[in-house]
Amino acid sequence: NSTPILLATSGMGAPSLSIVVNELIQVGIKTIIRIGTCGAIQNRIKIGDIIISQAALCRQGAANDIAPPEYPAVADPFLTVALVKSAQFLGVNYHVGITASVDSFYEGQERILSSANPYLQRHLEGITEEYRRLNILNYEMEAGTLFKMAGVYGFTAACVCAVIAARSKEEGISLESKQQAIEKAIQVAILTVSNLSPSSID
């Protein structure tokens, strides 16, 4: 397959991502797969697994500039299924579900032990357990805005993230497992793109 692949960094967080995505669309990109890292909040999800986001609970200021809060932040269903098939083919342990996309790494993800600020605003106290009960799988910082931009701009988007933190147990990141997990997510994304027909990404 001669499918062209462009690798671009979005930076960290939704504001940076929104700039990069806008400029990618202007030069003709039609399909974007976000490859990133995340912290899992469900006990069944292990460090080293990957999470394929079908939608996002979008708690991001940049996304509100793209579309109102109630506008759905959803991945392309066909591209999402393609990612799942790639993970199955590669034998990668994966999970599919809803992601919490937030703006901050510490307060927004209820990190207090590892943060310089041990205090949270009241509405963030217990937010991880609340999200766990809503069957949200993970925290990350970009997918929600990407999905809203895809809906508004008219391109195809999906997201696959490597799990590098088990937030049900601790706040920290597993550095020893990080690179291996990221490589799994990259392999799944590349296989997915290589299997797409060129006409589907023109």
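Please keep in mind that the model is predicted.

**The largest pocket**

Let us start with the open space. The largest pocket holds about 1,200 Å³. Its lining is made of 43 residues, and those closest to the pocket centre are Ala8, Ile33, Arg34, Ile35 and Gly36. Sorted by class, the lining comprises 28 nonpolar, eight polar and seven charged residues.

Which elements give two or more residues to this lining? They are helix H1 (14-26), strand E1 (31-40), strand E4 (136-140), strand E5 (156-166) and helix H6 (175-195). The biggest share comes from E1, which supplies nine residues.

Arg34 sits in strand E1 and is among the residues closest to the centre of the largest pocket. Is Arg34 buried or exposed? Its relative accessibility is 11%, so Arg34 counts as buried. Setting aside residues up to four places away in sequence, Arg34 touches Glu140, Glu142, Ala143, Leu146, Ala158, Cys159, Val160 and Cys161.

Now to the packing. The largest nonpolar core counts 24 residues, and Val21, Leu146, Phe147 and Phe155 have the most contacts inside it. Two or more of the core residues come from each of H1, E1, strand E2 (50-59), helix H5 (143-153) and E5. H5 gives the most to this core, with five residues. Another core, of 19 residues, lies apart from the largest one and includes Leu83, Ala87, Val92 and Ile182.

H5 is largely enclosed by the rest of the structure, because eight of its 11 residues are buried. The buried residues of H5 are Ala143, Gly144, Thr145, Leu146, Phe147, Lys148, Met149 and Ala150. One of them, Phe147, touches Ser53, Ala55, Ala56, Ala73, Val74, Ala75, Ala157, Ala158 and Cys159, with residues up to four places away in sequence left out. Just past the end of H5, Gly154 adopts a positive phi of about 90 degrees.

**Leu79 in helix H3**

Leu79 belongs to helix H3 (residues 77-90). Since its relative accessible area is 3%, Leu79 is buried. Beyond its neighbours within four places in sequence, Leu79 is in contact with Thr31, Ile32, Ile33, Thr156, Ala157, Ala158, Thr192 and Leu196. Leu79 and Cys159 are 80 residues apart in sequence, yet their C-alpha atoms are 9.2 Å apart in space.

| Residue | Relative accessible area |
|---|---|
| Arg34 | 11% |
| Leu79 | 3% |
| Cys161 | 0% |

**The cysteines**

How many disulfides does the structure hold? The count is zero. Cys58 is in no disulfide, and the nearest cysteine sulfur, in Cys159, is 12 Å away. For Cys161, the closest cysteine sulfur is also that of Cys159, but at 3.7 Å the two are too far apart for a bond; the cut-off for a disulfide is 2.5 Å. Cys161 counts as buried, because its relative accessibility is 0%.

Terms used:
Residues are numbered from 1 along each chain as its sequence is written. This is a predicted model: local features need pLDDT of at least 70, side-chain atom pairs count only at pLDDT 80 or more; totals for chains, interfaces and linings use all residues. Side-chain values use heavy atoms; hydrogens and water are left out. On a 1 Å grid over the protein atoms alone, a cavity is a set of points where a 1.4 Å probe fits but cannot get out, and a pocket is an open set with protein on both sides within 12 Å along at least five of seven lines; lining residues have an atom within 4 Å of a point. Grid points are joined across faces, edges and corners, and a volume is the space filled by probe spheres set on the points. Helices (H or I, at least four residues) and strands (E, at least two) are DSSP runs, numbered from the N terminus. Ala, Val, Leu, Ile, Met, Phe, Trp, Tyr, Cys and Pro count as nonpolar, Asp, Glu, Lys and Arg as charged, and the others, Gly among them, as polar. Buried means under 20% relative accessible area, exposed over 50%, partly exposed in between (1.4 Å probe, protein chains only). Contact means heavy atoms within 4.5 Å. A nonpolar core is a set of buried Ala, Val, Leu, Ile, Met, Phe, Trp, Tyr and Cys residues joined through side-chain atoms within 4.5 Å.
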